[in-house]
Amino acid sequence: MLIYGVAVLAGCYLLGQLTGEILGRLLHIDANVGGVGFAMLFLILISHWMQERKLFTTDMEQGALFWSKMYIPVIVAMSAIQNVQGALSGGLVAILAGVIPTAAAFLMIPLLAKLFHAHPETTTP
Amino acid sequence: MAGQALYRWTDPGSAIAIFFGLVLAYLGGRITGGKKGIADIPGLSGFSLMGGAMFRDFTIVATAMGASLVKIRQAGLAGAIALLLGILVAFIFGAGVAIAMGYRDAVSITTIGGGACTFIIGPVTGGALGASSEVITISIAAGLVKSILVTIATPMVAQYIGLNNSKTAMIYGGLIGTTSGVAAGLAATDPKLVPYGALTATFYTGLGCLLCPSILYLLVGWIYS
């Protein structure tokens, strides 16, 4: 059943968001701390666990994979609702405070990657 | 030149679509003066549902279906260190810009530093510290500039920064951190890397909201008193 796969995905999403909200409350901050990240970890763990026990049928997998494939269209729609005008009209301080730290972070990526021995990989899962 | 650069991208189609999305968003803002890009035009308001935070987060979680637990474990430490460094680097350079541009009070400097992390951390920090609405607006705009810059720049620089494996993707997510920018940047570069980058990036805003109004504010105040 396709819908069971969607149910597993939705369950992980809600559980993850709940975890993020609770963590935010515990830390006394007005934000969800890593709710999406927790949801991803739950989904990876649960789908692995179910696949090992042959509970996760290909049909179920298709239900979750549909949403994974919808990712690109959603991201395109997301970019079309960004406040680009607001970013460009924020003045020199905003532009500099956006560009310089971002450039610095980009420059650090290869340094950290080298430090942790990241290698290009073949397309094995 | 541009054609050659496009040729190297795994999926130039998405990069082009995302770029045109940003162009549409700009036009929407110019025409209506609103804040939600093309969705401010009444007939196209459906964009704000399709591209809103709920669908974005739900589909990001769904991409985890293809992710490998082994690879995440291997890159876990690198991702965590990248997260902390990412917030520190963005904050320090953002605060540095604020100081260079003439801001001398710790609250404004911290708020703009927070905005340099993401457009959520800026206003959350400013709200917690009681920053002026002018400074909060600047911090949001700085975060927006970052998000859009990351979206456009990621596929262009991916080959130069070695963004072609899961470990570097986790480092990238942690260092850059702005969820929308990372999500769009990786979608335009290589969709297979999305779960790894998104996993670390989703912790960035929460961690930034924790660190900026507390430790980092005290640090700025200590330097400026």
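Modeller: A residue is buried if 20 or more other C-beta atoms lie within 10 Å of its own, exposed if 12 or fewer, and partly exposed in between, with the C-beta atoms placed from the backbone. This is a predicted model, in which local features need pLDDT of at least 70 and side-chain atom pairs count only at pLDDT 80 or more, while totals for chains, interfaces and linings use all residues. Residues are numbered from 1 along each chain as its sequence is written, and chains are lettered from A and ligands numbered from 1 in the order in which they are written.

Colleague: Why is C117(B) called buried?

Modeller: C117(B) has 34 other C-beta atoms within 10 Å, and because the definition asks for 20 or more, C117(B) counts as buried.

Colleague: What makes a residue a contact of C117(B), and which residues are in contact with it?

Modeller: Two residues are in contact if their C-beta atoms, placed from the backbone, lie within 7 Å. Leaving aside neighbours within four places in sequence, C117(B) is in contact with I87(B), A90(B), F91(B), G177(B), G208(B) and C212(B).

Colleague: What makes α9 of chain B a mostly covered helix?

Modeller: Helices are DSSP runs (H or I, at least four residues), numbered from the N terminus, and α9 of chain B spans residues 166–176, of which 11 of 11 are buried. What covers the buried residues of α9(B) includes α6 (91–115) of chain A, together with α5 (69–100), α8 (133–157), α10 (179–189) and α11 (194–223) of chain B.

Key:
Helices (H or I, at least four residues) and strands (E, at least two) are DSSP runs, numbered from the N terminus.
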